[in-house]
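Subject: Structure handover and findings

Hello,

Here is the structure I promised. Please open it next to this email. My notes follow below.

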Amino acid sequence: MPSALCQVMVDCDFRNDAAVSSAFSTAANAPQMRLHRGFARAYLSLRSQLRAALSTLPAEMDLTLSGHSMGGALAMLAALDLAQRDVPAVRALRTYTFAAPRVGDAAFATAFRKAFPMPAEYWALQARHTPRACDRH
């Protein structure tokens, strides 16, 4: 399947899946929350590769996760996951997202705000009508 079509399929997979949401919450050591199923599955499929890559970095680096649209959604999931776990190579973690759709419910938003309380830690550019996939549970 061409990658552009794969991305569209993930974007459209907005239904909540309790098992996928629970798997993310457990892996990220985060409270239980309802997540966009497609984004959560996509992130969980690359999580081990991300953590392996981070383990090769020199200690005490600043890390900025960035993405547009689906990439922004994955950056937010990765940021929350990394913020909840001790990653020795990361001293400071920030996210910059562009037109990222809504990733999760109010519990996700609360956990994200708690993990990134300072405005300098999370910056998002949102279009007026960015899709809000988790509005449709």
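Oblique is what remains once angles under 35 degrees are called roughly parallel, over 145 roughly antiparallel, and 65 to 115 roughly perpendicular.

First, the ground rules. This is a predicted model, in which local features need pLDDT of at least 70 and side-chain atom pairs count only at pLDDT 80 or more, while totals for chains, interfaces and linings use all residues. Residues are numbered from 1 along each chain as its sequence is written, and side-chain values use heavy atoms, with hydrogens and water left out. Helices (H or I, at least four residues) and strands (E, at least two) are DSSP runs, numbered from the N terminus.

**Helix pairs**

Two packed helices are described by the angle between their axes and the distance between the axes. Here, axes are lines fitted to C-alpha atoms, for helices over the stretch in contact, and angles run from 0 to 180 degrees between N-to-C directions. Contact means heavy atoms within 4.5 Å. A crossing is left-handed if the near helix is turned anticlockwise from the far one by less than a right angle, and right-handed if clockwise. For residue classes, Ala, Val, Leu, Ile, Met, Phe, Trp, Tyr, Cys and Pro count as nonpolar, Asp, Glu, Lys and Arg as charged, and the others, Gly among them, as polar.

H4 and H5 pack at an angle of about 60 degrees, with axes 10 Å apart. The crossing of H4 past H5 is left-handed. H4 brings Met-76, Leu-77, Ala-79, Leu-80, Ala-83 and Gln-84 to the contact, and H5 brings Phe-108, Ala-111, Phe-112 and Ala-115. By class, that is nine nonpolar, one polar and no charged residues.

H3 and H4 have axes that come within 10 Å and cross at roughly 60 degrees. That makes H3 oblique to H4. This crossing is right-handed. Contact residues on H3 include Phe-39, Tyr-43, Leu-46 and Leu-50, and those on H4 include Met-70, Leu-74, Leu-77 and Asp-81. The contact of H3 with H4 divides into 13 nonpolar, no polar and three charged residues.

For H2 and H3, the axes come within 9 Å and cross at roughly 45 degrees. H2 is therefore oblique to H3. The crossing is left-handed. Val-20, Ala-23, Phe-24 and Ala-27 of H2 meet Arg-37, Ala-40, Arg-41, Tyr-43, Leu-44 and Arg-47 of H3. Seven nonpolar, no polar and three charged residues make up this contact.

**The core**

A nonpolar core is a set of buried Ala, Val, Leu, Ile, Met, Phe, Trp, Tyr and Cys residues joined through side-chain atoms within 4.5 Å. Buried means under 20% relative accessible area, exposed over 50%, and partly exposed in between (1.4 Å probe, protein chains only).

The largest such core has 32 residues. Phe-24, Met-33, Leu-35, Leu-65, Leu-77, Leu-93 and Phe-108 have the most contacts inside it. Two or more residues come from each of H2 (18-27), H3 (37-54), E1 (61-68), H4 (70-84), E2 (90-98) and H5 (106-115). H4 gives the most, with 10 residues.

Take Phe-108. Leaving aside neighbours within four places in sequence, Phe-108 is in contact with Met-33, Leu-35, Met-76, Leu-77, Leu-80 and Val-103.

**H2 and its end**

Val-20, Ser-21, Phe-24, Ser-25 and Ala-27 are the buried residues of H2. They pack against H3 and H4. Ser-25 has a relative accessible area of 1%. Beyond its neighbours within four places in sequence, Ser-25 is in contact with Ala-30, Pro-31, Gln-32 and Met-33.

Asn-29 follows H2 and sits in the loop between H2 and H3. Asn-29 is not a glycine, yet its phi is positive, about 55 degrees. Most residues other than glycine have a negative phi.

**Two more places to look**

Ser-69 also has a positive phi, near 55 degrees. Ser-69 is in the loop between E1 and H4 and is buried, at 19% relative accessible area.

Leu-125 is in strand E3 (residues 122-125). Leu-125 is partly exposed, at 47% relative accessibility. Leaving aside neighbours within four places in sequence, Leu-125 is in contact with Thr-97, Phe-98 and Ala-99.

Best wishes
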